[in-house]
Each structure stands twice: as C-alpha cells, then as structure tokens.
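Hi everyone, thanks for coming. Please take a moment to look at the sequence and the model on the screen, and then we'll walk through them together.

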Amino acid sequence: MARPRTAARTVDHPDLAQVDLQQVMEALADPVRRMVVSQLVRKGEGMSCGTFEAPVSTSTLTHHFNVLREAGVIRQYYVGVTKMNTLRADEMEERFPGLLPAVIAACAAEAGAGAD
C-alpha cells in the first residue's frame, strides 16, 4: 500500500502592516535575538536553526526565533526537514524605514567596543 502524501510544512508569518513598532522593538530588545539578527546579516543568506551560535539552550533559541518571526523580523521556511531563517529586511525597511539598519549598526558598534 502506498504511503499517503503529506502537505508541505509551512510557517505562518504576520503581515507587517499588522505589526506595530512596539512589538518589533520588544523583539529586538533582547540580546540573544539581536545576536540572531546579526548572524543573519553576517551570513547574508538563510541559516538553519541549528547553525546559530547562542548562549542558550535549543528550546530557548526556538522561543527567540518565534518572537522574531511573530514580530515580522525574520521569515522561517522549510527545506526538506530543515527549518531555515532569513531576515525580512526589505519588508522591514518599507514598514519601519531605517530601523533594522540602525539596530544592526548598533550591534556591530557594541561588538566592536566589547572587543577592546
């Protein structure tokens, strides 16, 4: 007997028109979530959940991904069984001009200051 086909895995994402600045700012206020955003910027392409360097457990990191996704900062999608993450940089720029580049620049400056 043939195995029944299953539907492709999908992840729901908010329409950025429905996301308010407060939600985005709260998502980006956490240092682990800023670390995730910074790693995505440095990589310049999608990253699987398991490739992030973070000082938290896998389950806690999953929580941080969910907060970023629900705030519209990242997009998650499946490639096979691997969940990938990308920044919604263009969409964020359209909705909140200059916000994401400013946060990214501040993270880079903060990391540079910490290296001294």
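Let me start with a question: among contacts between residues at least 6 apart in sequence, what percentage join residues at least 24 apart? For this protein, it comes to 63%. Please keep in mind that this is a predicted model.

Now for the overall layout. The protein has 116 residues, and 32% of them count as buried. There are 5 helices and 3 strands, and if you read from the N terminus, their order is α-α-β-α-β-β-α-α. The C-alpha trace spans about 65 × 35 × 25 Å along its principal axes.

Let's go inside. In soluble globular proteins, nonpolar side chains tend to be buried together. Here, the largest nonpolar core contains 23 residues. The ones with the most contacts inside that core are Val-24, Leu-28, Val-36, Phe-52, Leu-68, Val-73 and Met-92. Which elements give two or more residues to this core? They are α1, covering 21-29, α2, covering 31-43, α3, covering 58-70, and α5, covering 99-114.

If we set aside its neighbours within four places in sequence, Val-24 is in contact with Val-19, Ala-71, Val-73, Met-92, Phe-96 and Leu-99.

Next, how do the helices pack? α1 and α2 meet at an angle of about 90°, and their axes are 5 Å apart. An angle from 65 to 115 degrees counts as roughly perpendicular, so α1 and α2 are roughly perpendicular to each other. On the α1 side, the residues that meet α2 are Glu-26, Ala-27, Leu-28 and Ala-29. Their partners in α2 are Pro-31, Arg-33, Arg-34 and Val-37. Sorted by class, this contact has 5 nonpolar, no polar and 3 charged residues.

Helix α2 also packs against α3, at an angle of about 75° and with the axes 10 Å apart. That angle makes α2 roughly perpendicular to α3. Here Val-32, Arg-33, Val-36 and Val-37 of α2 meet Leu-61, His-63, His-64, Phe-65, Val-67 and Leu-68 of α3. By class, the contact between α2 and α3 has 7 nonpolar, 2 polar and 1 charged residues.

Is Gln-39 buried or exposed? Its relative accessible area is 9%, so Gln-39 is buried. Leaving out neighbours within four places in sequence, Gln-39 is in contact with Met-47, Thr-51, Phe-52 and Glu-53. Ser-38 counts as buried too, because its relative accessibility is 14%. Its C-alpha atom is 23 Å from that of Asp-12, which is 26 residues away along the chain.

Over in helix α5 we find Ile-104. At 23% relative accessibility, Ile-104 counts as partly exposed. The C-alpha atoms of Ile-104 and Arg-34 are separated by 8.0 Å, although these residues are 70 apart along the chain. Not counting residues up to four places away in sequence, Ile-104 touches Val-37 and Val-41.

Met-84 sits in strand β3, residues 82-87, and is buried, with a relative accessible area of 16%. Beyond its neighbours within four places in sequence, Met-84 is in contact with Gly-46, Met-47, Ser-48, Arg-75, Gln-76, Tyr-77 and Val-79. Met-84 and Ala-109 are 25 residues apart in sequence, and their C-alpha atoms are 27 Å apart in space.

One last topic: the cysteines. A disulfide is a covalent bond between the sulfur atoms of two cysteines. How many disulfides are there in this model? The count is 0. For Cys-49, the nearest cysteine sulfur is that of Cys-107, 19 Å away. Two sulfur atoms have to be within 2.5 Å to be counted as a disulfide, and Cys-107 is in no disulfide either. As for accessibility, Cys-49 counts as partly exposed at 22%, whereas Cys-107 counts as buried at 11%.

Terms used. Residues numbered from 1 in each chain as written. Predicted model: local features only at pLDDT ≥ 70, side-chain atom pairs only at ≥ 80, totals over all residues. Heavy atoms only, no water. Core = buried A, V, L, I, M, F, W, Y, C linked by side-chain atoms within 4.5 Å. Buried < 20%, exposed > 50% of the residue type's maximum accessible area, 1.4 Å probe, protein only. Helix = DSSP H or I, 4+ residues; strand = E, 2+ residues; numbered from the N terminus. Contact = heavy atoms within 4.5 Å. Axes fitted to C-alpha atoms, helices over the stretch in contact; angles between N-to-C directions. Parallel < 35°, antiparallel > 145°, perpendicular 65-115°, else oblique. Nonpolar A, V, L, I, M, F, W, Y, C, P; charged D, E, K, R; others polar.
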